[in-house]
Amino acid sequence: MRFSELGLTTLKEIPSDAEIVSHKLMLRAGLIRRLASGLFAWMPLGLRVLRKVEAVVREEMNRAGALELLMPAVQPAELWQESGRWDKYGPLLLRMNDRHGRDYCFGPTHEEVITDIARKELRSYKQLPVNYYQIQTKFRDEIRPRFGVMRSREFIMKDAYSFDLDEAGLQKSYARMRDAYIAIFDRLGLKFRVVDADSGEIGGSRSQEFHVLADSGEDAIAYSDEDNYASNIETAATSRDGIETPPASLDLTKIATPGIKTITALCESLSIMASQTMKTLIVEGDEGLIAFGLRGDHELNAVKAQKIPGVASPLTMASPESIAKAIGCGPGFVGPVRIAMPIFYDHATAGMSDFIVGANEKDTHYTGVNFGRDLDVPATVDIRNIVAGDPTPGGKGKLSIARGIEVGHIFQLGTQYSEAMSATVQNPEGKNQAMAMGCYGIGITRIVGAAIEQNHDDAGIIWPTSLTPFDVVIVPINMHRSDDVKAAAEALYDELCAKGFEVLLDDRGARPGVMFADAELIGIPHRLVISDRGLAAGELEYRHRGDAESQNMKREEALNLL
């Protein structure tokens, strides 16, 4: 393609509303243009990249035996009411009415629709297993769309749904999709990890996320190269194994701490470390307030905590008024000593002694607190976020923390939807049996942003080979003033196109610096510069997008390199 025909407008200035690298570069390189909050138009250059992602995903899904279909983006409310998610999904669901006043939504996902299709199309176990997939536009009404295509309201997603007779079949379908996803991200040239995760609004018994590693990632993931463990920080498990409670060496003492309501302030006042303190957090329970005890340097994990029996879900922190009514003081001075409510201690607290806690009185704390004397020896639970250096659940290594961008998520749904919506087949005994389902999503548009987050420099994008919008850019210097340069550029363009390369010929007649800057900004991996001086020497100037320097080489040498 000729640059003059591409209709591409690049930007020198960073747009003021862009927060992360991918958003900035996608706007500057002309890949996308903003229409409204969380809504983007994909421009021709960006669409070329998007279609390459789709092609790889489609090829690997087909190779795994999945069948492509296309479901409506707009879905009737009855299906969501039947599954129980019409109210549960909340404000993320964009709801609408047709002219007859009937309720619909713009699908954020398609479990209900595919289950409806399956219960109508599948009658016998002999038709199983089957896996349907689509590449379709979704809409989730994010409260705060941000980061460009990384958290937009409208996006393109590949979603697949497997149907099996039983749990054993589901395990095989799930493993097949996991392998397909690994192949997809390998082919896309991305550094990624597969991590155990919480199933969230989709539900099911098990799920795993695929994270592209990048410093700007919203999610923290825990991993260990020593035993190949990886998990989202929300689900990474901690253990009490190997933790012993030291003996007490200090007396229980009440001290005045006027105005000191935070762990940070307490540590500064007493010249201690946060690990020597215990914080007591009060949350809503099904039948009253519940307390959690954690080491002062640890953070409560909401996903884990709300699974504790009796704790309200979603996790809700108690109000200052309800805490004061139950304990007699406000937050900041609450502690576990003689607290009149159920309390759950995190595993790590079992290794504490002579620690400091709130005294359940305003402006007062206890020092020298110990289990077995001042507090009952606890049966501890896992309620905190892991930290770097924690042992892996298998105990074979130490955990590291990295930032990740979720680009794929696979779920074992089991019979959650098939039972709710009566999606059954006749089993070998002639009885109706609810099908076991799996659900498998990939964020097509998000992959483009994640690839840029992982592959860029100060000049612009550095695409993985499989995603680059063009393979080669030809930059003719003073093409409109030199017939020799023009002829050489046209001949090279024709030859490379004939060999199957996707070539961009910069025929704008712009200054060399402008053409070089644009080529680097949009991330074309191979650049060939043609000039009168080079032609006189029988050479081209070649530069790879990832190299710091250019090199001169013969025309045939450059072609052989490509």
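Reader: What makes I444, T445, R446, I447, V448, G449, A450, A451, I452, E453 and Q454 of α12 count as buried?

Author: In this predicted model, a residue is called buried when its relative accessible area is under 20%, exposed when it is over 50% and partly exposed in between, with a 1.4 Å probe and protein chains only. I444, T445, R446, I447, V448, G449, A450, A451, I452, E453 and Q454 of α12 are buried in that sense, and since 11 of the 11 residues of α12 are buried, the helix is described as mostly covered. Residues are numbered from 1 along each chain as its sequence is written. Local features need pLDDT of at least 70 and side-chain atom pairs count only at pLDDT 80 or more, while totals for chains, interfaces and linings use all residues, and side-chain values use heavy atoms, with hydrogens and water left out.

Reader: Why is α3 called roughly perpendicular to α12?

Author: The axes of α3 (residues 44-63) and α12 (residues 444-454) come within 9 Å and cross at roughly 115°. Axes are lines fitted to C-alpha atoms, for helices over the stretch in contact, and angles run from 0 to 180 degrees between N-to-C directions. Angles under 35 degrees count as roughly parallel, over 145 as roughly antiparallel, 65 to 115 as roughly perpendicular and the rest as oblique, and therefore α3 is roughly perpendicular to α12.

Reader: Which residues make the contact of α3 with α12, and how do they divide into nonpolar, polar and charged?

Author: With contact meaning heavy atoms within 4.5 Å, α3 contributes V49, L50, V53, E54 and V57, and α12 contributes I444, T445, I447 and V448. Ala, Val, Leu, Ile, Met, Phe, Trp, Tyr, Cys and Pro count as nonpolar, Asp, Glu, Lys and Arg as charged, and the others, Gly among them, as polar; by that division the contact of α3 with α12 has seven nonpolar residues, one polar and one charged.

Reader: What makes α3 roughly antiparallel to α7?

Author: Helix α7 (residues 167-187) packs against α3 at an angle of about 150°, with the axes 9 Å apart, and that angle makes α3 roughly antiparallel to α7. Here V56, V57, E59, E60, M61 and R63 in α3 meet M177, A180, Y181, A183, I184 and R187 in α7, and the residues of this contact divide into eight nonpolar, no polar and four charged.

Reader: How do you know that α2 is mostly covered, and what covers its buried residues?

Author: Six of the eight residues of α2 (residues 21-28) are buried, namely S22, H23, L25, M26, L27 and R28. The elements covering these buried residues include β1 (32-36), β2 (39-42), α12, β23 (456-457), β24 (460-461) and α14 (512-522).

Reader: Why is one side of β14 and of β16 left without a neighbour in the sheet?

Author: Two strands pair if DSSP finds at least two bridges between them, where strands (E, at least two residues) and helices (H or I, at least four) are DSSP runs numbered from the N terminus. Three strands form an open sheet in the order β14-β15-β16, with mixed pairing. Because β14 (278-285) and β16 (343-345) stand at the edges, each with a single partner strand, one side of each has no neighbour in the sheet. From one strand to the next, the twist averages 25°. Eight bridges join β14 to β15 (residues 288-295), and these two strands run antiparallel; M278, for one, has R295 of β15 as its bridge partner.
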